Amino acid sequence: LPFGYRFFRAVLNTCLLCGFFYGTGTIYMYYYERRKYWQFGAWLVIVFTVFTIIRFYVNRQFSYLEDASLYYTPDAFSFFIGALITNIGTLLISLLYQFVLSRIRLKQRETALLAEQREAKIQFLRAQMNPHFLFNTLNNIYSLAVVKSEKTAPLVLRLSDLLRYVIYDAQQEQVPLAKAITILEEYIELFQLQYEEQKDITFTYQLPRKGYLIEPLLLIPLVENCFKHSDLAENENGYVHLELLIDEDEMTFSAKNSFNPLQSQKDEQGGVGLENIRRRLALQYPDDHQLTQEKSKDHFCVQLAIPLT
């Protein structure tokens with residue numbers, strides 16, 4: 001048989017096998033993945049039969065151009081068995097390929113769905129945090145406005161900066177750590193303005209040497225808890241001590257406050273702030289964070305450690 005005929009037959013067989021391969025894949029996706037098993041089986045039998053007959057007919061036509069050898073004479077049965085065996089092999093490979101591809105697509109959909117759910121939860125928790133934080137701040141301003149304090153105007157000015165951060169910056173996926181530190185300082189100054197005398201509130205920190213990023217509104221709830229549950233208002237020796245340390249791409253933030261053990265209801269730590277943080281940490285840093293609490297007879301301390309990027 002001339003080379004041109006042999007080449008043409010090889011190309012034709014390859015095209016038929018490719019058509020059968022991808023045709024089987026289409027049937028798998030359209031019927032099997034939709035749990036239409038009867039239609040899947042029926043169409044598979046039909047396509048398999050059609051392609052086997054076509055390939056048998058094609059190869060049989062070319063066989064008439066070949067000369068029978070001394071030891072072997074091509075017959076119809078031989079060509080039918082050849083088409084049958086290669087089609088079965090192609091069918092099995094196609095089904096295996098589509099099964100693996102289907103598992104990969106399913107995994108990708110599950111991963112995408114989990115990512116969407118995770119992002120939705122994070123956005124919900126951030127949205128939950130914003131009104132909680134603003135509510136407490138507005139309460140402070142209201143208490144000063146009632147007595148017509150001169151500190152009301154500076155408080156409103158500070159609040160405008162915090163509002164800008166909450167409404168715009170905090171909607172981003174992450175914010176610069178340096179910005180979060182600045183906002184903490186403003187929040188502390190805003191809280192100090194409530195009192196006639198300066199309270200023992202300290203915030204020591206290291207300025208980051210790199211442009212680290214952090215989850216927005218992650219540290220403010222810890223400080224807010226200290227202010228809420230401390231005894232600054234009634235205890236002249238009351239305190240709130242805050243510290244932020246950076247060591248080898250890890251940040252440790254500790255918030256410690258004094259409290260009155262007799263005010264048990266007030267000093268039940270937690271609420272929206274800490275619970276919110278726990279859930280956000282579980283989403284953002286599932287296996288790479290530490291949030292610990294320590295309570296003694298007259299002080300409470302929360303410490304947070306997270307990696308920095």
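# A walk through the predicted model

Start with the second largest pocket, which has a volume of about 160 Å³. Here a pocket is an open set of points on a 1 Å grid over the protein atoms alone, with protein on both sides within 12 Å along at least five of seven lines, and a 1.4 Å probe is used to find cavities, where the probe fits but cannot get out. Grid points are joined across faces, edges and corners, and a volume is the space filled by probe spheres set on the points.

Before you select anything, note that this is a predicted model, in which local features need pLDDT of at least 70 and side-chain atom pairs count only at pLDDT 80 or more, while totals for chains, interfaces and linings use all residues. Residues are numbered from 1 along each chain as its sequence is written, and side-chain values use heavy atoms, with hydrogens and water left out.

**Stop 1: the pocket lining**

Select Tyr-28, Tyr-32, Glu-33, Arg-35, Tyr-37, Ser-102, Arg-103, Leu-106 and Arg-109: these residues line the second largest pocket, each having an atom within 4 Å of a point. Colour them by class and you will find four nonpolar, one polar and four charged residues. For this count, Ala, Val, Leu, Ile, Met, Phe, Trp, Tyr, Cys and Pro are nonpolar, Asp, Glu, Lys and Arg are charged, and the others, Gly among them, are polar. Which helix gives the most to this lining? It is α3, with four residues; α1 (3-32) and α3 (76-146) each supply at least two.

**Stop 2: the whole chain**

Now zoom out and switch to a cartoon. The chain has seven helices and seven strands, in the order α-α-α-α-β-α-β-β-α-β-β-α-β-β along the sequence. These elements are DSSP runs numbered from the N terminus, with helices (H or I) of at least four residues and strands (E) of at least two. Of the 309 residues, 39% are buried, where buried means under 20% relative accessible area, exposed means over 50%, and partly exposed lies in between (1.4 Å probe, protein chains only). Among contacts with a separation of 6 or more, 73% join residues 24 or more positions apart; a contact means heavy atoms within 4.5 Å.

**Stop 3: the nonpolar cores**

Next, select Leu-177, Ile-214, Phe-227, Leu-242, Leu-244, Met-251 and Phe-253, the residues with the most contacts inside the largest nonpolar core, which has 49 residues. Helix α5 gives the most to this core, with nine residues. Such a core is a set of buried Ala, Val, Leu, Ile, Met, Phe, Trp, Tyr and Cys residues joined through side-chain atoms within 4.5 Å. A second, separate core of twelve residues includes Phe-20, Leu-44, Val-47 and Val-58.

Centre on Ile-214. Leaving out residues up to four places away in sequence, Ile-214 touches Gln-174, Val-175, Pro-176, Leu-177, Ala-180, Leu-219, Met-251 and Ile-306.

**Stop 4: the largest cavity**

Ile-214 also takes you to the largest cavity, whose lining includes Tyr-165, Val-175, Ala-180, Ile-214, Leu-217 and Ile-220. Helix α5 (residues 177-192) gives the most, with three residues.

Stay on Leu-217, in the loop between β3 (213-214) and α6. Is Leu-217 buried or exposed? At 4% relative accessibility, it is buried. Check its backbone too: Leu-217 has a positive phi of about 55° although it is not a glycine. Most residues other than glycine have a negative phi. For another case, go to Asp-249, in the loop between β4 (239-246) and β5 (250-258), where phi is near 60°. Asp-249 is partly exposed, at 33% relative accessibility.

**Stop 5**

Select residues 220-229, helix α6, where nine of the ten residues are buried; among them are Ile-220, Pro-221, Phe-227 and His-229. From Pro-221, draw a distance to Asn-276: their C-alpha atoms are separated by 8.6 Å, though they are 55 residues apart along the chain. Asn-276 lies in helix α7 (residues 271-284) and is buried, with a relative accessible area of 1%.

**Last stop: Leu-291**

Finish in strand β6 (residues 290-295) at Leu-291, which is partly exposed at 22% relative accessibility. Beyond neighbours within four places in sequence, its contacts are Ile-277, Arg-278, Leu-281, Val-302, Gln-303 and Leu-304. The C-alpha atoms of Leu-291 and Gln-303 are separated by 5.7 Å.
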